[in-house]
Amino acid sequence: MPDVQPATVSCESLQSYEATHVHAIYDEIAPHFSSTRYKASWVGVDLGTGNGKYLPLPADRPGSVWTIGLDRSINLLKIAKRAGDVDREVVWADVLDNPWRRGAFVCISLPSLRLNAQHWGLKRAYQDYAISIATIHHLASPDRRKFAVQRLLEAISPVHGCGLIYVWAVEQDDLSKRNIPARASQDELRSGSFALTGNGQDVFVPWVLAQPVEPKPKTRKQRKKAQTPVEEPESAPLATDVPPQIFNRYYHLFSQGELTELVMEAALDVGLVVGQPPEVDTSGKRIRGLQIVQDGWEMSNYYVELRRWEQ
Amino acid sequence: MVRLITHNLLACHAKGCTSNNFPLLFQDAAVELRDADFNADFLRGFLPRLEWPALVGAARQLGDTSLPAEQPDMLDDDFLQKLHHVLLEIHVEEGAMVCPNCKHVYPISNGIPNMLLAEHEIG
C-alpha cells in the first residue's frame, strides 16, 4: 500500500481540482471501489418483527443484509413472511428464548476480513446486529424485560455486534395517535406476583378491530372479513350495527432513562463492562463490554443504540 | 419460510440441551422450489458465516447433492449458482426439525418453524 502523501490544493478552481482529484478518480475506480464495500454480508435478527415492517431494510442495500424475523405471534409471522412481497425468513419463537446456534450472528474465523475492515475504516460494515422495535414494552416485569435485552446481547457478536431497541415512552408527543388510558390495575395483570417497579407506567392500550363495512346491505353474500386494525377507536369506519371488538394490549411505557438503565443492568448482569472500550490494553486480560452509542426520545419512543466490544 | 440459510442458524435450545444440538435434522420435509434473485456478492459475503458441513448435510437430506463436501477455494459462477439454489430457493414448507441430541421436535407449518418451547422446557 503506497503511503499517504500531503496534497497541495490549488486555489484557482476548487471545482476543477475536485473534478480531477476526486470525481474522475471515483469514476475510474468505481467497480473495484464498490467491490471493497460491504464485502461481508450482514446478518441480523429482528426480535419481535411483527408484520415484518423492518425486514426489507435497509432499502438501499437490499442484497447485502439478511434479516431474520422472530415473533411470538404466528398470525403476524404469516404476514411477515411476505413483507415487501418477497419471501422472508421468519421464526416463531419468544424473545426470551435463544434458538440460535452459538455464533449464529457472529462473523467467525475472519481475522483477515476484520483486519481489512479496519484498514478501510469500515468497521461498521462488518457488524452483525439485532433490532428490537416496539417489543420489549410488552413484557410484564422488569426481569423479563431485562432477560429480553440479555437474549439480544447474546445473539450479536461479542466483538462488534450492534443492537437497536425502541420502546414506547410515557411521554407521548402531541402528534401521537396513541390513546393512553389510565394505569392498568395489578388485578388486571392476572397475576399479582409481578414486581412492577421503575418509573414507567403499566397500561392497557386498546386495539379496536374494525368490523367489515357492508357497502351493499341488501346482498346476503358473505364478505371476507376485513380485519384492518386501527390505532384509535374513533377513526375506524365501523359498521353501526356491529359493536367493534376491543382488545386491550399490555404495555409498559418507559420513563426517561429507564430503557438505558435496563440495558446497562442487563449488560452488567452478564459480566459486561459498561462504557467505552479502554484506549490502551494494559492488563493483557480480555475484557468484554457494552457501549451505549446513543440513546434518547424520538416520536413518543425511547431508544438505545448499543455496541458490544472486546479488548 | 425455512430455507437452508435459516436452518444453518437455528439450534435446539431446550433446557439442558447444550451440546450436539446443531444442526437440526429434517423430518418428513415437504419442499417447494421458488426462484430467488441471484446476488453473487451477497453469497460471497455470506460464505464465511456458514457452517459448511451442516449446510451440505441439510441439502442432502432434502435430496440436493450439488454441493461439495469441502467448501471450495475457488468461488466460480457455477459454484455460486449451486450455493444460491441450496441456500435461497429450497423452501421447506411442512415437516419438522429434530434435535440430534435430545430429539426435541420443532414442527414446520406453512413454512414457519415453531421454535417455541413449553414452560418446563425453557432453559
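Modeller: Happy to. Putting chain A and chain B together buries about 2800 Å² between them, and carbon and sulfur atoms give 58% of that area. If you wonder why we talk about area here, the size of an interface is often given as the accessible area lost when the parts come together. Keep in mind that this is a predicted model.

Now widen the view: the contact takes in 36 residues of chain A and 31 residues of chain B.

Next, look at the polar side of things. Between the two chains there are 12 residue pairs in polar contact, counting pairs with both residues at pLDDT 80 or more. On chain A, strand E1 (42–47), strand E2 (65–71), helix H2 (74–80) and strand E3 (90–92) each supply at least two residues of the side that touches chain B. Sorted by class, that side of chain A has 21 nonpolar, four polar and 11 charged residues.

Charged residues bring us to the salt bridges. How many run between chain A and chain B?

Let's zoom in on one of them. B:Arg34 forms a salt bridge with A:Asp87, and their closest N and O atoms are 3.2 Å apart. This pair crosses between chains: B:Arg34 sits in the loop between strand E1 (25–33) and helix H2 (40–46) of chain B, and A:Asp87 sits in the loop between H2 and E3 of chain A. Are the two partners buried or exposed? B:Arg34 counts as partly exposed, at 24% relative accessibility. A:Asp87 has a relative accessible area of 15%, so it is buried, the cut-off for that being under 20%.

A second salt bridge links A:Glu89 and B:Arg3, with the closest N and O atoms 2.6 Å apart. A:Glu89 lies in the loop between H2 and E3 of chain A and B:Arg3 in the segment before helix H1 (4–7) of chain B, so this pair joins two chains as well. Both A:Glu89 and B:Arg3 are buried.

For contrast, here is a salt bridge inside chain A. A:Glu310 pairs with A:Arg288, the closest N and O atoms being 2.6 Å apart. The two come from distant parts of the chain, 22 residues apart: A:Glu310 is in strand E11 (residues 301–310) and A:Arg288 in strand E10 (residues 288–298). A:Glu310 is partly exposed, with a relative accessible area of 27%, and A:Arg288 counts as partly exposed at 29%. Back at the other salt bridges, some share partners, and these join A:Arg82, A:Asp87, B:Glu32, B:Arg34 and B:Glu93 into one network.

A:Met299 is exposed, with a relative accessible area of 61%, whereas A:Ser300 is buried, at 1%.

B:Pro23 is found in the loop between H1 and E1 of chain B.

Finally, step back to chain A as a whole. Chain A has five helices and 11 strands, and 42% of its 311 residues count as buried. Among its contacts with a separation of 6 or more, 66% come from residues 24 or more positions apart. A:Thr260, in helix H5 (residues 258–269), gives you an example to look at: not counting residues up to four places away in sequence, A:Thr260 touches A:Ile292, A:Asp295 and A:Val304. A:Thr260 is buried, with a relative accessible area of 14%.

Key:
Residues numbered from 1 in each chain as written. Chains lettered and ligands numbered in written order. Predicted model: local features only at pLDDT ≥ 70, side-chain atom pairs only at ≥ 80, totals over all residues. Heavy atoms only, no water. Contact = heavy atoms within 4.5 Å. Buried area = accessible area lost by both parts, 1.4 Å probe. Polar contact = N/O pair within 3.5 Å; in protein donor to acceptor, adjacent residues only side chain to side chain. Helix = DSSP H or I, 4+ residues; strand = E, 2+ residues; numbered from the N terminus. Nonpolar A, V, L, I, M, F, W, Y, C, P; charged D, E, K, R; others polar. Buried < 20%, exposed > 50% of the residue type's maximum accessible area, 1.4 Å probe, protein only. Salt bridge = Lys/Arg side-chain N within 4 Å of Asp/Glu carboxyl O.
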